[in-house]
Amino acid sequence: MLVVETIAKIRRAYFQDKKPIKQICRELRVSRNTVRRVIRSGATEFSYERSVQPQPKIGPWKDELDRMLAENARKPKRDRLTRIRVFEELQALGYEGGYDAVRRYASSWTKTEREASAAAYVPLSFDPGEAYQFDWSHEVVLVDGVTTTVKVAHVRLCYSRMLFVRAYPRETQEMVFDAHDKAFAFFGGACARGIYDSAADQRSVRG
């Protein structure tokens, strides 16, 4: 960052003292481009960011850090390590660099992964009546003052996203059939195909 005091010295040397740029550069230890920029601009402060951040300490640990970050990203959110924990684990393996280098690398890695995922994402589209999705969830409900766990069947139309849910005491083949029967009656017809998150549910429907 070029501070206000240095900018003032450059301007005074050039405009008031009529010193040549070469002399100003030598006396203030700044580059010619910097002096020219100050002379041509009315800004009172300049800063710059490196296009490539040097990573002398990270370099030998890049593959290991990539592995740790990728493994961490696959975990459920509540189980993921913070960046300081990733840094501490890398330290335990012998890394001697600072936390800031790991933090910057992790930020860059996360940004790159997000951009790659966004580029690879292809939105799904369905025609009316083409498909439905089926899945189960476990829900805790209060029945007659007693806390009970029930199985809830979810049937959703892929085109309109209309949802049908029905609760059952158990997750059996008969209840899978009943959920489909009730859902199709609710929707007013069946779809050409079904999409199942669970292979067991798919086998149950096929019989």
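Reply: Rings of Phe, Tyr and Trp, the last by its six-membered ring, pair if their centres lie within 6.5 Å. The model is a predicted one. A search of the whole structure on this basis gives 11 aromatic pairs.

Me: How is the pair of Phe 134 and Tyr 196 classed, by the angle of the planes?

Reply: The ring centres of Phe 134 and Tyr 196 are 5.8 Å apart. Planes under 30 degrees apart count as stacked and over 60 as edge-to-face, with the rest as tilted. The planes here stand at 50 degrees, so the pair is tilted.

Me: Which elements does this pair link, and how many residues apart are its members?

Reply: Phe 134 belongs to strand E1 (residues 131-143) and Tyr 196 to strand E4 (residues 193-196). The pair thus links distant parts of the chain, and the separation is 62 residues.

Me: Are Phe 134 and Tyr 196 buried or exposed?

Reply: Buried means under 20% relative accessible area. Phe 134 has 1% relative accessibility, and Tyr 196 has a relative accessible area of 15%. Both values fall under the cut-off, so Phe 134 and Tyr 196 are buried.

Me: What class does the pair of Trp 136 and Tyr 168 have?

Reply: The centres of these two rings lie 5.9 Å apart. Their planes meet at 75 degrees, and because over 60 degrees is the criterion, the pair of Trp 136 and Tyr 168 is edge-to-face.

Me: Why can the buried residues of H3 be said to line one face of the helix?

Reply: In helix H3 (residues 32-40), the buried residues are Thr 34, Val 35, Val 38 and Ile 39. Viewed down the axis of H3, they line one face because they fall within an arc of 130 degrees.

Me: Which helices do the buried residues of H3 pack against?

Reply: The face of H3 turned away from the buried side carries the exposed residues Asn 33 and Arg 40. The buried residues pack against helix H1 (4-16) and helix H2 (21-28).

Me: Which helix gives the most to the lining of the largest pocket?

Reply: The largest pocket has a volume of about 340 Å³ and is lined by 13 residues. Helices H4 (62-73), H5 (83-92) and H6 (99-120) each supply at least two lining residues. With 5 residues, the helix that gives the most is H6.

Methods. Residues are numbered from 1 along each chain as its sequence is written. This is a predicted model: local features need pLDDT of at least 70, side-chain atom pairs count only at pLDDT 80 or more; totals for chains, interfaces and linings use all residues. Side-chain values use heavy atoms; hydrogens and water are left out. Helices (H or I, at least four residues) and strands (E, at least two) are DSSP runs, numbered from the N terminus. Buried means under 20% relative accessible area, exposed over 50%, partly exposed in between (1.4 Å probe, protein chains only). The arc is that of the directions from the helix axis to the C-beta atoms. Contact means heavy atoms within 4.5 Å. On a 1 Å grid over the protein atoms alone, a cavity is a set of points where a 1.4 Å probe fits but cannot get out, and a pocket is an open set with protein on both sides within 12 Å along at least five of seven lines; lining residues have an atom within 4 Å of a point. Grid points are joined across faces, edges and corners, and a volume is the space filled by probe spheres set on the points.
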